[in-house]
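I'd like to walk you through one model today, so let me put it up on the screen.

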Amino acid sequence: MVQSYRLGQVIQHCDHCRSPPRSLALNGGKVNIIAMIDPFGRSITYLRISVTDRCDFRCVYCMAEDMNFLPKSDLLSLEELERLASTFVRLGVRKLRLTGGEPLVRRGVIGLFNRLGLQLGQGLDELTLTTNGSQLTRFAEELAAAGVRRVNVSIDTLDVEKFVAITRWGRLPQVLEGVMAAKSAGLHVKINTVALKDVNEHEFDGMLAWCGEHGFDLCLIETMPLGEIDGDRMEQYLPLSVVRARLAQNWTLTPTAYATGGPARYYDVAETGTRLGFITPLTHNFCEGCNRVRLTCTGTLYMCLGQNDAADLRGVLRASDDDTALEDAIRAAIARKPRGHDFVIDRDHKQPALARHMSVTGG
Ligand code: SAM
Ligand code: SF4
């Protein structure tokens, strides 16, 4: 038997499919289950939603310059995304992250934040986003008002020209202005930086110092082999074990148990009082503690960023206004969550491990 918990009650799960029953009659009353446990005993409490596959940047490791985006008619409406997210929250998800593509380029997305924000404290603990920062000057205050407390902003370099080289269409001053707007709005900022060999690998000391000055945490990420891009991924790949050893020569890094619900391993940085995280999908398998699933803007649920198996929730969602079938489909999908990803860089053929881009599944 696998067990989950609700308000101190232990709930037994089916021995065969390991998914919990949809509802239990306890003390004569109907009790909604608020935990989803996968076949490996991991509690699924975190949903990332890619609200659009579109973006105003074209980062070299993420997209080809000439991308074919989904026709708008394929996208779920904001109301449908809200209904799906709410269903997940009812089933035990406590943290929602909106991502993309660039989430803040989706028209009306603040309305979605506002409506999801109403669920904070009602089952939902945290509502957050990952953004390239280009629209933060415009939206930071509204995000804070919606209940967002933390934001991840992706910045791979603080060099203006290199920023253009990496993002192709991005402008660093605009992003930095957005980051400062987020800080002024009271949002806790974490900077996400993809470590790119020969590109930004000698900038991390400077970025850590800059983050320290502003009270931002910094999280370094290894490139993942997702989707066709224009260049050769092997040329970009930089193991973070190397980066950490280099940084440890200049900074006092102490491992900490701090966790944000994501896959990063964190260190306290004594000199700055901030944290430094490492996301190392290739050099260290981070799957054993995985609590996440990912929903695309077309309603496809990926149980793992690094696997192809997926569940179509759009069809179920549109088939009926009754959420029962939707809940069943989500539970059935969770019961198929794999143990871990299969990322390997194919050094000979230079193929991505998976054909879909990060902007589809949501980073
Ligand atoms: N547009 C937003 C942004 O850039 O923050 C949100 C979506 S983006 C896909 C989310 C994160 O994924 C970003 O931090 C980005 O740097 C990272 N990312 C994209 N492609 C990646 C890849 N192939 N390997 C590692 N990280 C990647
Ligand atoms: Fe856009 Fe984010 Fe991908 Fe860069 S990493 S192209 S900002 S989705």
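Let me start at a surface spot: at 55% relative accessibility, Glu235 counts as exposed. For the cut-offs, buried means under 20% relative accessible area, exposed means over 50%, and partly exposed is in between, with a 1.4 Å probe and protein chains only. Glu235 sits in helix 7, residues 233–236. Helices here are DSSP runs of H or I with at least four residues, strands are runs of E with at least two, and both are numbered from the N terminus. Glu235 is 36 residues from Val199 in sequence, and their C-alpha atoms are 10.0 Å apart in space.

Quick housekeeping. This is a predicted model, where local features need pLDDT of at least 70, side-chain atom pairs count only at pLDDT 80 or more, and totals for chains, interfaces and linings use all residues. Residues are numbered from 1 along each chain as its sequence is written, chains are lettered from A and ligands numbered from 1 in the order in which they are written, and side-chain values use heavy atoms, with hydrogens and water left out.

Twelve strands form an open sheet with mixed pairing, and the order is 11-12-13-10-9-8-7-6-5-14-15-16. Two strands pair if DSSP finds at least two bridges between them. The edges are strand 11 (253–255) and strand 16 (310–312); each has a single partner strand, so one side of each is left without a neighbour in the sheet. Neighbouring strands are turned by 25 degrees against each other on average, direction ignored. Those angles come from axes, which are lines fitted to C-alpha atoms, for helices over the stretch in contact, and they run from 0 to 180 degrees between N-to-C directions.

Let's zoom in on strand 7, residues 126–131. Strand 7 pairs with strand 6 (residues 95–99) in the parallel sense, over four bridges. Leu96 has Leu127 as its bridge partner in strand 7, and Arg97 has Thr128. How many residues of strand 7 are buried? Six of the six, so strand 7 is largely enclosed by the rest of the structure. Both faces are covered, with Glu126, Thr128 and Thr130 buried on one side and Leu127, Leu129 and Thr131 buried on the other.

Strand 10, residues 217–222, is also mostly covered, with six of its six residues buried. Asp217, Cys219 and Ile221 point one way from strand 10, while Leu218, Leu220 and Glu222 point the other way. Strand 10 pairs with strand 9 in the parallel sense over six bridges, and Asn192 has Cys219 as its bridge partner in strand 10.

Ligand 1 is surrounded by 18 residues, and the closest are Tyr61, Gly101, Thr131, Ser154 and Met224. "Around" here means that a heavy atom of the residue lies within 4 Å of the molecule. Strand 7 and strand 9 (188–195) each supply at least two residues of that shell. By class, the shell has five nonpolar, ten polar and three charged residues. In that scheme, Ala, Val, Leu, Ile, Met, Phe, Trp, Tyr, Cys and Pro count as nonpolar, Asp, Glu, Lys and Arg as charged, and the others, Gly among them, as polar.

Now some distances. A polar side-chain atom of Ser154 lies 2.5 Å from an oxygen atom of ligand 1. A backbone N or O atom of Gly101 is 3.0 Å from a nitrogen atom of ligand 1, and a polar side-chain atom of Glu102 is 3.2 Å from a nitrogen atom of ligand 1. Taken alone, ligand 1 exposes 540 Å², and the protein buries 95% of that. Those areas come from the Shrake-Rupley method with a 1.4 Å probe.

Around ligand 2 we have Cys55, Phe57, Arg58, Cys59, Cys62, Met63, Gly101 and Asn132. That shell has five nonpolar, two polar and one charged residues.

Last stop, the backbone. Most residues other than glycine have a negative phi. Arg168 has a positive phi, near 60 degrees, and is found in the loop between helix 4 (160–167) and helix 5 (172–184). Asp198 also has a positive phi, near 65 degrees, in the loop between strand 9 and helix 6 (204–214). Which of them is buried or exposed? Arg168, at 17% relative accessibility, counts as buried, whereas Asp198, at 64%, counts as exposed.

Key. A polar contact is a pair of N or O atoms within 3.5 Å; within protein, one must be able to donate a hydrogen and the other to accept it, and residues adjacent in sequence count only if both atoms are side-chain atoms.
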